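Thanks, everyone. Please look at the screen, and I'll walk you through a few parts of this one.

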Amino acid sequence: MAVLELTRADAQRLAVRAQLLTAHRPEGVLDAVQRLTFLQHDPIAAVAPSADLVLFSRLGPAYDPHELEDLVAEQRVVEVQGRLLVAEDVRLLTAEMAAWPGGEDAPAWQLANAQWLDDNRGCRLDVLERLRADGPLTAAELPDTCVRPWRSSGWNNRRNVTMMLGLLVECGDVAAAGRRGREKLWDLAERVYPPDEPVPADEARRIRDERRLRSLGILRERAQETRVEPLHAGGAGEVATVEGVRGRWRVDAALLDGELEPRTALLSPLDRLLFDRKRVAELFEFEYVLEMYKPAAQRRWGYYALPVLHGDRLVGKLDATADRRGGRLVVHAVHEDGRWTSDVRDAVDAQIADLARWLDLDLDLDAAHVVHDPRG
């Protein structure tokens with residue numbers, strides 16, 4: 001098999017084009033979600049919820065968050081294990097849900113979760129019966145009849161119903177069914193997911209690998225699994241090397257053709273262009289950490305700094321906060337990796353102004369300062 005030889009610039013263009021971050025924008029919210037394969041749901045909204053920031057980055061300030069809310073309310077987009085995806089794509093997951101936890105070769109933590117669920121099968125039946133009779137309901141409205149409490153070293157300790165619902169989503173019994181205010185609603189999966197025939201597990205895995213590579217452009221040939229999705233492309237695509245980067249990669253070679261059509265964008269900290277921090281460091285030579293869990297004195301770029309893309313390069317971070325009560329988008333700092341040209345600075349300033357308009361907030365630059373980070 002021939003091995004493609006790419007420069008780092010080739011790899012960067014590939015990743016940016018795959019992630020719909022060129023001047024050629026998606027046709028709408030549904031098109032964007034389908035081509036990205038999913039949006040990661042996260043409730044933190046220091047600037048805006050991550051899913052909305054991702055769509056703003058792709059669709060521009062014309063994007064209205066109510067469009068995504070409507071698609072979720074209509075169950076054309078559904079939430080599965082913290083991911084928002086087009087409802088028809090659930091058929092690529094349901095065979096694995098039915099086989100959960102996946103046999104003796106499943107990870108030890110997953111087998112332990114299955115044992116906890118089995119030990120509390122009475123509570124499982126109680127939750128399903130209550131949802132069948134009265135759903136959709138919030139977690140607080142469901143019975144906790146667990147005989148073995150959930151124990152962990154973290155904040156989920158003894159949150160029995162919450163953990164029960166998460167596992168019932170994994171095995172395909174229960175699904176997120178919208179929200180009542182800030183509270184998530186739950187219902188039987190058969191009432192939320194389309195009644196599509198499941199795609200057999202092996203075929204579904206192959207399709208997911210192909211779509212993951214198409215949406216990301218370039219992935220390592222071998223990499224770890226994560227709870228969200230694998231960091232590799234399975235057997236999809238063509239084998240490649242990247243000049244100056246160790247290891248072999250898989251690429252969607254069709255994305256190598258044509259011009260980049262560059263533009264500038266402010267990205268969510270959870271954007272899929274950056275989801276694999278090692279990949280972004282190797283291919284873009286860009287250093288980034290989400291610092292909201294660090295003490296303020298230890299933060300380098302800010303609580304919820306937005307990475308800045310300019311063309312095919314990640315060039316800095318925007319430290320800003322949406323002060324909704326005060327009606328302001330407060331810019332604390334703009335971190336420039338190296339020193340920007342006036343063209344880059346003007347393009348980023350225009351994006352910051354677009355972000356404020358999209359949020360319907362006044363732009364407050366009074367406390368803003370520019371930080372030059374020589375190494376990023």
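Start with the open sheet. Four strands build it, in the order β1-β8-β9-β7, and the pairing is mixed. At the edges sit β1, residues 4-6, and β7; each pairs on one side only. From one strand to the next, the twist averages 40°. Keep in mind that this is a predicted model.

Now take β7 and β9. They run antiparallel, joined by three bridges.

Next, helix α11, residues 277-284. Which of its residues are buried? Arg279, Val280, Leu283 and Phe284. Looking down the axis of α11, these buried residues fall within an arc of 95°, so they line one face of the helix. The general rule: an α-helix has 3.6 residues a turn, so residues three or four places apart point the same way.

At the start, a side-chain oxygen of Asp276 comes to within 3.2 Å of the backbone nitrogen of Lys278. Just after the helix, Glu285 takes a positive phi of about 50°.

Is Asp10 buried or exposed? Buried: its relative accessible area is 18%, and the cut-off is under 20%. Its side chain makes a polar contact with the side chain of Arg13, at 2.6 Å.

Note on methods. Residues numbered from 1 in each chain as written. Predicted model: local features only at pLDDT ≥ 70, side-chain atom pairs only at ≥ 80, totals over all residues. Heavy atoms only, no water. Buried < 20%, exposed > 50% of the residue type's maximum accessible area, 1.4 Å probe, protein only. Helix = DSSP H or I, 4+ residues; strand = E, 2+ residues; numbered from the N terminus. Arc of directions from axis to C-beta. Polar contact = N/O pair within 3.5 Å; in protein donor to acceptor, adjacent residues only side chain to side chain. Pairing = 2+ DSSP bridges. Axes fitted to C-alpha atoms, helices over the stretch in contact; angles between N-to-C directions.
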